[in-house]
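I open this notebook to record what I looked up, entry by entry. The structure comes before the notes.

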Amino acid sequence: MRSVENIGRMETRAARMTDAFLVGLDLREHLRLGKSLLEAFEELEIRLETLEDGYPEWHPASYPFQGILKLFFYREITGNSYRKLSGYHELASACGLDRIPDVSVLSRTWRNRFDTATREFVERGAHLLVKNIHDFGPSVAEVRPKHEVLDFEERGSGESGNGEEQRVTFDDKEIFRTTRLAREHCFNPFDSGRAENSSYDDSRFFELQTFMGMVGCGTAQGAARFQYRRGKEYGPHGDTHLRAVKQFDGEPLLNGFNIATDRLLSVIESEVSFRRPVTVALDITTVPYFGDVEGMSMVSGTKDGEGRAFKFATLSIVGQNVPLVLAVEPVRESSAWDDNPPNRIHRVVRRLVRQAKEHVPIEMVLCDREFDSMRVFQTLSNLNVGYLIPKRISSSEREAIEQMEQDGREVAVESASVHVEQGSHAMEFLYVPSTKTDGTTVFATNARVTPKEAEVFCRRYSSRWQIENEYKSIKHDFLAKTSSKDYRIRLFYFVFAVLLYNIWRLTDFLLKASADGEMDYAPVITAGECVELVSSALLPPD
């Protein structure tokens with residue numbers, strides 16, 4: 001079993017490869033729109049969240065990291081030498097640089113400023129574009145021959161010399177076939193209820209929605225780009241798309257998600273690698289909102305007190321199982337600008353767990369401190385599931401920690417009980433060394449745990465980091481942009497992004513199963529690769 005650190009490293013690499021894929025995709029879209037390679041680079045913005053600038057802030061480097069990255073992408077796409085690149089002065093403006101570095105600076109940048117991960121990022125994204133240009137067009141004179149990047153792939157930069165195992169690879173037909181299967185399981189349960197003689201069936205709207213999430217743009221621009229790519233008669237207009245989306249109103253939409261989840265699990269339930277019962281993580285994520293809040297009852301304040309956002313709660317499988325989102329629930333809070341009743345988070349917890357239990361038995365629920373509530377504890381106990389939730393440190397916990405220090409103890413278990421209107425049950429507070437600081441963390445659980453078992457038992461909470469990465473992927477790779485004030489659109493966009501995340505994870509699972517691969521958290525296909533396939537007709541290339 002891989003360590004948490006190793007799994008986290010592989011997950012970071014998967015996110016980085018997705019970003020590299022999107023660079024190649026963005027450039028290709030600009031080229032398809034008739035722009036030159038130079039003009040495409042003027043429009044290019046590279047996501048830097050997964051990359052690290054090898055030069056610290058105090059370093060006197062005169063070239064911004066974004067600009068120098070674009071320059072090396074251009075070099076890797078064209079195959080130009082450092083000498084030829086240094087003489088191409090028109091490229092400076094396209095890359096956002098004051099001037100093109102000389103040969104010695106270019107060499108030092110590649111060797112010293114870019115680490116192994118950044119070099120792989122550039123090579124993977126650039127080589128993807130080269131292969132797609134030669135396979136599907138348009139013709140671009142500056143792009144290097146395809147065989148040069150194929151030779152590179154055959155040499156195998158798979159893990160960039162970091163000592164990890166090279167990941168399993170699959171041919172195009174297998175990936176297309178598997179993604180089609182995953183897509184059919186997820187999209188079929190959704191029905192907008194539109195007339196059978198409508199100009200577009202629901203699948204066209206799903207493809208457009210996927211495309212918008214992939215390229216990170218709004219509805220009008222996304223619909224125009226989709227029509228250019230697939231044909232004006234193939235894709236709906238932006239206004240038509242929004243009218244169709246509104247047909248998927250709240251409850252039918254969530255019911256469709258519930259049916260899709262059941263179908264996903266039916267595909268994998270025969271696999272012995274899917275462990276039952278499951279450990280799940282429950283959390284609330286936000287999607288920022290910047291408009292007027294008057295009449296916006298589903299908009300809530302954020303923790304900092306300044307921001308405004310839509311909030312969604314999810315329940316996801318974590319640990320060594322297939323990471324799927326089992327349930328989604330809108331969060332409606334009381335705010336100064338509406339008449340909503342005070343939020344009772346235990347009711348959100350009850351709905352999520354009940355929905356998830358329709359699909360799988362649940363052994364343990366992991367939540368963060370936002371769910372530190374006696375009502376939440378009792379709700380989970382009433383649902384006959386275990387819980388492990390870190391507690392906020394109050395005066396009683398501080399006194400207990402001080403007593404532990406005086407006694408020279410690092411671990412302690414305190415028996416307690418919950419008594420609320422929903423019922424009562426015995427529970428325990430576990431005092432264990434913090435994994436982040438030198439202090440002590442306190443967990444609440446309804447499991448019976450001895451002091452000798454407490455520290456090992458609480459390590460299970462480390463699985464919860466997966467839901468944080470999950471949210472990043474959902475919002476970074478799959479969520480389309482919108483400024484709409486219509487909550488039907490907001491809810492559809494988020495639920496659909498979660499659906500795409502599940503399609504990605506199911507595709508990854510099926511590919512691993514077909515190759516007898518290890519069923520771990522790290523994916524073998526990036527989110528970017530999967531979403532590109534879902535947004536296409538999914539026909540194998542000639």
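Entry one, a loop residue. I looked up Asn-384 and found it exposed, because its relative accessible area is 65% (buried means under 20% relative accessible area, exposed over 50%, partly exposed in between, with a 1.4 Å probe and protein chains only). Asn-384 sits in the loop that joins helix 15 (374–382) to strand 6 (386–390). I take helices (H or I, at least four residues) and strands (E, at least two) as DSSP runs, numbered from the N terminus. The phi angle of Asn-384 is near 60 degrees, a positive value in a residue other than glycine.

A note on the source. The model is predicted, with local features needing pLDDT of at least 70 and side-chain atom pairs counting only at pLDDT 80 or more, while totals for chains, interfaces and linings use all residues. Residues are numbered from 1 along each chain as its sequence is written, and side-chain values use heavy atoms, with hydrogens and water left out.

Entry two, aromatic rings. I searched the whole structure and got 18 aromatic pairs. Rings of Phe, Tyr and Trp (its six-membered ring) pair if their centres lie within 6.5 Å; planes under 30 degrees apart count as stacked, over 60 as edge-to-face and the rest as tilted. Phe-226 and Tyr-234 have ring centres 6.1 Å apart and planes at 55 degrees, so I log the pair as tilted. Phe-226 and Tyr-234 are both buried.

I then looked up Phe-478 and Trp-504, an aromatic pair that is tilted, with 6.1 Å from centre to centre and 50 degrees between the planes. This pair links distant parts of the chain, 26 residues apart: Phe-478 belongs to helix 18 (residues 465–478) and Trp-504 to helix 19 (residues 487–514). Phe-478 counts as buried because its relative accessibility is 2%. Trp-504 is buried too, with a relative accessible area of 3%.

Arg-505 lies over the face of Trp-504, 4.6 Å from the ring centre (the rule asks for NZ of Lys or CZ of Arg within 6 Å of the ring centre and within 35 degrees of the ring normal). I also noted one aromatic cluster formed by Tyr-289, Phe-310, Phe-312, Tyr-487 and Phe-494.

How do helix 14 and helix 15 pack, and at what angle? Helix 14 (residues 345–357) and helix 15 pack at about 20 degrees, with their axes 8 Å apart. The contact (heavy atoms within 4.5 Å) includes Ile-345 and Val-349 of helix 14 and Val-376 and Leu-380 of helix 15. Axes are lines fitted to C-alpha atoms, for helices over the stretch in contact, and angles run from 0 to 180 degrees between N-to-C directions.
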